[in-house]
Amino acid sequence: MAELDTLDIIVLAAILLGTVAYFTKGKLWGVAKDPYASSLAAANGAKAGKTRNILEKMEESGKNCIIFYGSQTGTAEDYASRLAKEGKSRYGLETMVADLEDYDYDNLDAIPEDKVVMFVLATYGEGEPTDNAVDFYEFINGDSPQFTLDNEPALGNLNYVAFGLGNNTYEHYNIMVRNVDKALQKLGAHRIGEAGEGDDGAGTMEEDFLAWKDPMWKALAEKMGLEEREAVYEPVFGIVERDTLTAESPEVYLGEPNKTHLDGTPKGPFNAHNPYIAPIAESYELFNVKDRNCLHMEVDISASNLSYQTGDHLAVWPTNPGEEVDRFLNILGLTEKRKNVISVKALEPTAKVPFPTPTTFDAIVRYHMEICAPVSRQFLATLAPFAPDEASKAEMTKLGGDKDYFHDKINVHHLNIGRVLEIVGKGKKWSNVPFSAFIEGITKLQPRYYSISSSSLEQPKKISITAVVEEQRLPGRDDPFRGVSTNYLLALKQKQNGDPNPSPYGLTYEITGPRNKYDGIHVPVHVRHSNFKLPSDPLKPVIMIGPGTGVAPFRGFVRERRKMVENGQSVGKTILFFGCRKSTEDFLYAKEWEEAKQVMGDSFEIVTAFSRESGKKVYVQHRLKERSKEINELLEKKAYFYVCGDAANMAREVNNVLSQIISEERGVPEAKAEDIVKNMRASNQYQEDVWS
């Protein structure tokens with residue numbers, strides 16, 4: 001066989017490479033990029049190549065107003081988006097919305113005086129910053145924040161606006177916006193208008209926001225020389241119909257949160273941007289009564305990189321019920337187009353499409369929009385120009401402009417957007433509304449957080465939650481207002497326990513998920529860290545107050561200490577105050593407490609309050625008061641005191657009773673006792689995990 005010389009080898013190699021290139025074009029290289037694909041398609045919202053310099057971003061995109069948000073449940077982000085739209089449409093501001101965790105803050109001192117920075121900040125839990133605002137909060141409240149220039153004062157050039165979202169049932173009401181406002185002013189920044197505060201505890205958050213923003217805009221217009229103009233809807237997103245794609249096309253998102261889920265290879269880290277599709281290991285009913293449900297559910301995280309600590313929270317990513325999805329698509333005239341494929345494209349450089357595309361109308365509404373949430377008054381005013389007739393337009397304008405009328409007709413009934421459009425338009429289709437208006441005006445469907453009711457010491461790879469199925473009967477409304485997530489979980493529980501077609505209370509869910517990826521009874525989840533923890537010293541006494549599902553984290557605490565005892569450790573006194581209606585109906589985990597007592601002996605005690613078993617209603621705070629002497633003695637031994645459950649009534653009453661116990665048992669004035677309780681909170685000896 002003749003030998004090949006060097007030239008022959010080069011020519012053959014070139015031919016081989018050319019052949020490979022020809023047959024792999026469009027597969028391994030030269031792949032045409034989808035011009036309409038959303039940036040959110042990348043797993044975990046990858047941010048490679050994005051600048052963290054806020055001034056650079058504002059200058060390159062021609063912006064003069066940036067709205068930062070610190071948001072845990074999406075409301076602050078929604079308000080930030082609404083301020084951005086209103087600033088542009090009413091005053092011609094070039095606005096952009098920014099997640100606080102996406103940028104650095106050391107050049108806030110370099111932002112010129114002709115620009116304005118807005119802060120929309122939620123307070124989370126017991127006076128904590130939201131997850132995405134932690135770094136900013138620590139920076140701005142530091143002893144001496146380091147900025148890029150040598151200005152004196154450091155932020156003397158900065159004009160800012162501030163609005164906070166809080167809950168007056170918590171001790172540290174709106175502490176985030178108050179502390180940030182104080183820090184900014186200390187650094188020499190100039191606030192425009194008042195620092196607004198919305199109160200979720202009083203149910204006035206929306207009206208507080210609306211009442212704050214109008215005088216704020218007036219003050220801002222005066223400061224920056226802005227002229228108000230007639231607000232006209234300008235879309236932030238463009239909708240492009242993708243006629244060449246179908247719902248069966250592999251590149252079309254049918255509810256998958258990102259590209260790795262679409263490809264069927266989801267990867268960690270699993271977090272608030274990227275859920276783990278967890279198998280449900282076990283689920284069962286805890287109540288022994290026909291008209292109410294409470295679920296115990298355990299998810300298996302053994303195949304993920306997720307971990308948790310006792311006292312953390314599990315986030316559940318729900319889907320909307322089919323009935324409300326159908327109602328929404330029908331009233332917009334989109335029923336026949338529900339499976340049509342569309343792409344959503346940002347029409348300006350700083351806007352972010354809130355879900356991956358290409359996708360379908362059905363997937364957007366089912367998996368990404370809070371269509372079941374009560375509608376906002378401001379949004380109704382936005383939709384008025386697109387009403388199907390003059391009568392509907394007039395009604396929407398009145399609802400949007402008259403807060404008392406809106407309250408009586410819409411708010412007290414907790415009506416969602418689909419129901420409002422049905423009622424106002426008397427069944428006529430609202431097909432004139434640009435779909436982009438709904439993407440912009442309806443909050444993104446948020447995960448729901450549940451206190452973990454298992455112990456990581458006992459079962460590190462299984463997480464349990466305890467959830468009462470939400471149902472609220474309201475005057476003037478035919479059907480009850482039902483919680484999205486808990487009814488979704490109820491359907492999953494029914495499916496796991498043998499019902500092939502679960503429809504709790506007439507509601508149906510796509511419980512097998514997009515492309516059946518949740519089949520086999522799975523639920524999308526992630527874990528959120530909590531500071532609600534047992535003392536590091538297991539010999540410390542603990543006093544736990546947890547009526548109803550408020551007992552969830554305390555089940556985890558008790559099981560943790562029970563496991564310690566089984567492992568040969570000693571534990572301090574562990575007292576649980578639990579309350580419910582009747583011992584025969586809703587006494588959660590009754591058998592488990594008996595078993596814990598057998599293992600832990602005198603170190604564990606449960607004190608019960610059954611509110612409907614006698615003529616006089618007895619609650620946990622009453623039982624607490626009955627044990628005044630012992631409670632005070634334990635507190636003097638530095639016992640940790642925990643409360644979980646309803647913030648508005650129970651938690652406040654427990655706080656008051658504790659002050660009374662300390663005052664009476666120690667012989668000190670009530671004012672002094674209240675200071676002692678405040679100091680307990682400040683030192684984490686008194687901890688709360690409460691909700692409104």
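How many nonpolar, polar and charged residues does the lining of the second largest pocket have? The lining has four nonpolar, six polar and seven charged residues. The model is a predicted one.

The chain is built from 21 helices and 23 strands. Along the principal axes, its C-alpha atoms fill a box of roughly 90 × 80 × 60 Å. The radius of gyration is 28 Å, which agrees with the value near 26 Å that a compact globule of 692 residues would have. Of these 692 residues, 53% count as buried. The chain exposes about 31,100 Å², and carbon and sulfur atoms supply 50% of that area. If contacts between residues at least 6 apart in sequence are taken, 78% of them join residues at least 24 apart.

Rolling a probe the size of a water molecule over the atoms shows where empty space is left. In the second largest pocket this space comes to about 290 Å³. The pocket is lined by 17 residues, of which Glu-171, Arg-652, Asn-655, Asn-656 and Arg-681 are the closest to its centre. Two elements give two or more residues to this lining: helix H20, residues 647-666, and helix H21, residues 670-682. Helix H20 gives the most, with seven residues.

After H8 comes Gly-333, with a positive phi near 75°.

Is Ile-423 buried or exposed? Ile-423 counts as exposed because its relative accessibility is 53%, and the cut-off for exposed is over 50%. From Ile-423 to Pro-502 there are 79 residues along the sequence, and their C-alpha atoms are 29 Å apart in space.

Several loops can be looked at in turn. Glu-94 lies in the loop that runs from helix H3 (75-91) to strand E2 (95-99). With a relative accessible area of 31%, Glu-94 is partly exposed. Which residues does Glu-94 contact, leaving aside its neighbours within four places in sequence? They are Gly-62, Lys-63, Asn-64, Cys-65 and Lys-88. Gly-62 is 32 residues away from Glu-94 along the chain, while the C-alpha atoms of the two are separated by 7.0 Å.

Gly-188 is in another loop, the one between helix H5 (175-186) and strand E6 (190-191). Gly-188 counts as buried because its relative accessibility is 15%, and the limit for buried is under 20%. Neighbours within four places in sequence aside, Gly-188 contacts Pro-153, Leu-155 and Gly-156. Gly-188 and Gly-156 are 32 residues apart in sequence, with 4.6 Å between their C-alpha atoms.

Pro-153, a contact of Gly-188, belongs to the loop between helix H4 (134-140) and strand E5 (159-166). The peptide bond that leads from Glu-152 to Pro-153 is cis, and its omega is near 0°. A cis peptide bond also joins Thr-357 and Pro-358, with omega about 5°. Pro-358 sits in the loop between strand E12 (341-346) and strand E13 (359-360).

Arg-515 is not a glycine, but its phi is positive, near 55°. The loop that holds Arg-515 lies between helix H15 (484-496) and strand E18 (522-528). At a relative accessible area of 32%, Arg-515 is partly exposed. Lys-638, not a glycine either, has a positive phi of about 65°. Lys-638 is found in the loop between helix H19 (628-636) and strand E22 (640-646).

Key: Residues are numbered from 1 along each chain as its sequence is written. This is a predicted model: local features need pLDDT of at least 70, side-chain atom pairs count only at pLDDT 80 or more; totals for chains, interfaces and linings use all residues. Side-chain values use heavy atoms; hydrogens and water are left out. Helices (H or I, at least four residues) and strands (E, at least two) are DSSP runs, numbered from the N terminus. Buried means under 20% relative accessible area, exposed over 50%, partly exposed in between (1.4 Å probe, protein chains only). Contact means heavy atoms within 4.5 Å. On a 1 Å grid over the protein atoms alone, a cavity is a set of points where a 1.4 Å probe fits but cannot get out, and a pocket is an open set with protein on both sides within 12 Å along at least five of seven lines; lining residues have an atom within 4 Å of a point. Grid points are joined across faces, edges and corners, and a volume is the space filled by probe spheres set on the points. Ala, Val, Leu, Ile, Met, Phe, Trp, Tyr, Cys and Pro count as nonpolar, Asp, Glu, Lys and Arg as charged, and the others, Gly among them, as polar. The radius of gyration is taken over C-alpha atoms; the globule rule is 2.2 Å times the number of residues to the power 0.38. Accessible areas come from the Shrake-Rupley method with a 1.4 Å probe; for residues, only the protein chains shown count as cover.
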